[in-house]
Amino acid sequence: MAVKVYGPHCASTKRVLVCLVEKEVEFEVVPVDVTKGEQKDPEYLKLQPFGVVPVIKDGDYTLYESRAIMRYYAEKYRSQGVELLGKTIEERGLVEQWLEVEAHNFHPQAYNLCLHGLFGSLFGVTPDPKVIEESEAKLVQVLNIYEERLSKTKYLAGDFSSIADISHLPFLDYVVNNMGKKYLLEERKHVGAWWDDISSRPSWNKVLQLYRAPI
């Protein structure tokens, strides 16, 4: 039975879809138009009571929060597809560390930058130039730390790709390809090389081709 993934065109859902493709897990998508507020419909709230995407249904099992879903499938199907959690407990620890860094240090800045500089009008948000400026400045600080890390390892958790890298793809794609801010990466040699590597993964290009957001 294929996994049902709700809200495929949204950024957070795309990290889940990339993980499923990498792990060779069969899935089907269920559209949820967040610009029309469909994530707040009563039937959807039965699956995700906070009214956000994504959520998955795997038989009788329901799970939400994109990073939790990635962890779940990377572990459940560890014996197939690409290894995304590391091979040792120490490597797993670093994967978890950098996934937390993405969630708490990178994502808030990238999200605010995109919300105010790219798709605010879709959600009734008036762009605030001050938020854009501050978010980009904070994102630069994060990328400087990434540059130091990536000068020592090919990927964030080590010399192997992981869910920590995948998790950056959706919002970095917005920043680079929709907002025209690739210079933020190109100014940092190792960050730029890392982005070129992860953004060229067949799994990411497949997801983008199928479910690119209408912005």
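**Cavity, helix, cysteines**

Modeller: The largest cavity holds about 60 Å³ of space. This is a predicted model: local features need pLDDT of at least 70, side-chain atom pairs count only at pLDDT 80 or more, and totals for chains, interfaces and linings use all residues. Residues are numbered from 1 along each chain as its sequence is written, and side-chain values use heavy atoms, with hydrogens and water left out.

Colleague: How many cavities of 30 Å³ or more are counted?

Modeller: Rolling a probe the size of a water molecule over the atoms shows where empty space is left. A cavity is a set of points, on a 1 Å grid over the protein atoms alone, where a 1.4 Å probe fits but cannot get out; lining residues have an atom within 4 Å of a point. Points join across faces, edges and corners, and the volume is the space filled by probe spheres set on them. The count is one cavity of 30 Å³ or more.

Colleague: Which helix gives the largest share of its lining?

Modeller: Helices are DSSP runs (H or I, at least four residues), numbered from the N terminus. Helix 7 gives the largest share, four residues. Helix 1 (11–22), helix 7 (169–178) and helix 10 (202–211) each supply at least two. Among the lining residues are Lys 14, Asp 173, Trp 204 and Arg 212.

Colleague: Where does the largest cavity lie relative to the domains?

Modeller: Domain bounds come from an automatic or database domain assignment. Domain 1 (3–83 + 206–210) and domain 2 (89–201) both give residues to the lining, so the largest cavity lies between them.

Colleague: How many residues of helix 1 are buried?

Modeller: Buried means under 20% relative accessible area, exposed over 50%, partly exposed in between (1.4 Å probe, protein chains only). Eleven of the twelve are buried, so helix 1 is largely enclosed by the rest of the structure. The buried ones include Lys 14, Arg 15 and Glu 22.

Colleague: How many disulfides are counted?

Modeller: A disulfide is a pair of cysteine sulfur atoms within 2.5 Å. The count is zero. For Cys 10, the nearest cysteine sulfur is that of Cys 114, 13 Å away. That is too far for a bond. Cys 10 is buried at 15% relative accessible area; Cys 114 is buried at 0%.

Technical notes
On a 1 Å grid over the protein atoms alone, a cavity is a set of points where a 1.4 Å probe fits but cannot get out, and a pocket is an open set with protein on both sides within 12 Å along at least five of seven lines; lining residues have an atom within 4 Å of a point.
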